[in-house]
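The points are meant to be read with the coordinates open.

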2 protein chains.
Amino acid sequence: MNNVIELVGFDGDDTLWHSEGYYQSAHGEFERIIGEYVDLADLRLHDRLLATERRNIKLFGYGAKGMTLSMLESAIEITQSRISASDLHRIIELGKQVLAHPVELLPGIREAVEAVAEHHRVVLITKGDLFHQEHKVAHSGLADLFHRIEIVSEKDERAYRNVLEELATTPQRFAMVGNSLRSDIAPVVQLGGWGVYMPYHVTWAHETDTDFIDQGSHVVQVEGPSGIAHALTELQARAAA
Amino acid sequence: MNNVIELVGFDGDDTLWHSEGYYQSAHGEFERIIGEYVDLADLRLHDRLLATERRNIKLFGYGAKGMTLSMLESAIEITQSRISASDLHRIIELGKQVLAHPVELLPGIREAVEAVAEHHRVVLITKGDLFHQEHKVAHSGLADLFHRIEIVSEKDERAYRNVLEELATTPQRFAMVGNSLRSDIAPVVQLGGWGVYMPYHVTWAHETDTDFIDQGSHVVQVEGPSGIAHALTELQARAAA
């Protein structure tokens with residue numbers, strides 16, 4: 001029974017619960033604040049913002065706290081220190097709002113996870129800030145459905161290999177469900193595993209940064225949670241073939 | 001062999017490597033910056049700073065990023081928004097320096113962990129920011145000595161219970177080595193486990209916030225890494241008695 005998918009991983013942000021929308025609206029508000037100081041129609045400024053953000057990810061990692069520090073630094077740099085302390089305080093508040101946003105599940109996701117759990121071990125594999133992710137898991141009401149919850153700092157091949165080793169299985173017996181080709185699908189398929197790709201209506205620019213192409217038909221794309229169980233059946237058939 | 005200590009956990013910050021000194025020097029520099037705006041001889045201000053920090057821990061969790069956001073917010077509040085953007089930028093830089101500080105091991109700690117590993121499974125159990133802790137583990141050169149590395153958001157009884165369950169052992173068979181009575185010793189002993197308390201020369205105010213008293217002689221205090229192996233032998237004798 002080596003060609004059976006026995007373990008299924010679910011991503012958290014924008015797979016189980018809404019997330020990116022909160023970041024994007026914080027970012028929009030951030031741009032309105034600094035737009036009072038500089039002309040954001042200037043595309044070079046936009047590029048500089050994104051460049052600062054990417055540079056800071058290496059130091060801060062993912063998540064709302066890193067984003068907030070990065071926004072503060074960008075705001076100071078881009079306004080050449082003209083921004084007021086009270087506007088910087090507004091930016092801190094934006095970060096706090098992202099950290100405290102309510103955890104809202106995608107419609108139908110609970111039923112989808114339950115359906116998958118009838119035939120597979122299910123685990124939650126999410127990346128980002130440990131403290132914030134734990135808060136979201138706790139408030140999602142889904143924690144009990146998962147055999148294990150793994151919070152990692154980066155979703156790359158090494159991270160998946162470690163998780164699979166701890167769970168005593170192989171990539172060939174593992175499928176990952178998520179909204180990011182870069183973080184949820186590509187590294188798993190590279191290792192020889194399977195992917196259920198469920199795009200979310202907005203994607204962080206950083207997560208679209210992949211040239212992944214599914215050459216071996218290891219991925220099925222679904223429109224929403226109700227398609228997940230069927231996609232796994234399809235992948236299972238391919239695995240057994 | 002139920003009365004054998006078979007698993008030994010090591011704390012990271014200020015047990016394996018120096019940490020608190022970097023935070024304290026950042027904090028000292030932070031006070032010099034805001035001391036240009038307000039009179040810090042006023043003890044009420046000091047109390048307000050600590051109060052803001054503790055309030056923010058609930059939202060930000062532990063670690064350098066949370067501390068930096070908290071310092072920024074405190075600086076803005078305490079100066080009533082009079083602080084300049086460039087001074088706030090200096091505070092961001094303080095946080096970055098803490099995140100990027102070199103990982104310097106306590107003298108003799110490698111040998112101490114190796115000695116313990118001859119007779120026990122050893123694991124690293126550290127709390128704080130996932131990204132920063134992983135960076136420190138990777139740069140410590142000690143990762144290979146540990147059977148498992150667990151980074152948790154809070155070191156309380158629940159966290160230790162989870163870790164021990166995953167490692168398939170009981171508190172009675174577990175000893176924790178660390179510099180914080182509150183985080184490393186008290187919760188483990190509460191569960192019925194054992195503690196090797198190795199005080200560090202500076203302790204974060206938050207970590208001294210405990211009324212723990214070792215009523216059952218489950219703790220041995222040591223002066224430094226060279227005392228750890230002997231302390232475990234002593235605890236083992238007590239466990240077997």
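**Notes on the model**

1. S81(A) is partly exposed, with a relative accessible area of 33%; here buried means under 20% relative accessible area, exposed over 50%, and partly exposed in between (1.4 Å probe, protein chains only). S81(A) sits in the loop between α3 and α4 of chain A, where helices (H or I, at least four residues) and strands (E, at least two) are DSSP runs numbered from the N terminus. Although S81(A) is not a glycine, its phi is positive, about 65°. Most residues other than glycine have a negative phi. In chain B, S81(B) likewise has a positive phi, near 65°, lies in the loop between α3 and α4 of chain B and is partly exposed at 33% relative accessible area.

2. On provenance, this is a predicted model, in which local features need pLDDT of at least 70 and side-chain atom pairs count only at pLDDT 80 or more, whereas totals for chains, interfaces and linings use all residues. Residues are numbered from 1 along each chain as its sequence is written, chains are lettered from A and ligands numbered from 1 in the order in which they are written, and side-chain values use heavy atoms, with hydrogens and water left out.

3. How are the two chains related? Chain A superposes on chain B by a rotation of 180° with 0.0 Å of shift along its axis, at an RMSD of 0.1 Å, the superposition being by least squares on the C-alpha atoms of residues with pLDDT of at least 70 in both copies. That is the relation of a two-fold axis. The same surface serves both copies, since 100% of the contact residues of chain A recur in chain B, where contact means heavy atoms within 4.5 Å.

4. Helix α2 of chain A (residues 43–60) has 18 residues and spans 25 Å from its first C-alpha to its last, close to the expected 26 Å, which is 1.5 Å times one less than the number of residues. Its buried residues are L45(A), L49(A), T52(A), E53(A), N56(A), I57(A) and F60(A). Seen down the axis of α2(A), these fall within an arc of 145°, so they line one face of the helix; the arc is that of the directions from the helix axis to the C-beta atoms. The face turned away from that buried side carries the exposed residues L43(A), R44(A), D47(A) and K58(A). The cover over the buried residues of α2(A) includes α1 and α3 of chain A together with α3, α4 and α6 of chain B.

5. Just after α2(A), G61(A) takes a positive phi of about 75°.

6. Helix α6 of chain B (residues 130–140) has the buried residues L130(B), H132(B), Q133(B), K136(B), V137(B) and S140(B). Viewed down the axis of α6(B), these fall within an arc of 170°, so they line one face of the helix. On the other side of α6(B), A138(B) and H139(B) are exposed. G141(B), which follows α6(B), has a positive phi near 75°.

7. D129(B) lies in the loop between β2 and α6 of chain B and is buried, at 6% relative accessible area. Its side chain reaches the backbone nitrogen of H132(B) at 3.0 Å. Not counting residues up to four places away in sequence, D129(B) touches K65(A), D129(A), Y62(B) and K65(B).

8. Which residues touch the most other members of the largest nonpolar core? Of its 52 residues, they are I83(A), L88(A), I91(A), I83(B), L88(B) and I91(B), a nonpolar core being a set of buried Ala, Val, Leu, Ile, Met, Phe, Trp, Tyr and Cys residues joined through side-chain atoms within 4.5 Å. Helices α1, α2, α3 and α4 of chain A and of chain B each supply at least two residues of this core. A second, separate core of 30 residues includes W17(A), L106(A), V222(A) and L235(A).

9. A85(A), in helix α4 of chain A, is buried at 3% relative accessible area. Leaving aside neighbours within four places in sequence, A85(A) is in contact with I76(B), S81(B), I83(B) and L88(B).

Terms used. Polar contact = N/O pair within 3.5 Å; in protein donor to acceptor, adjacent residues only side chain to side chain.
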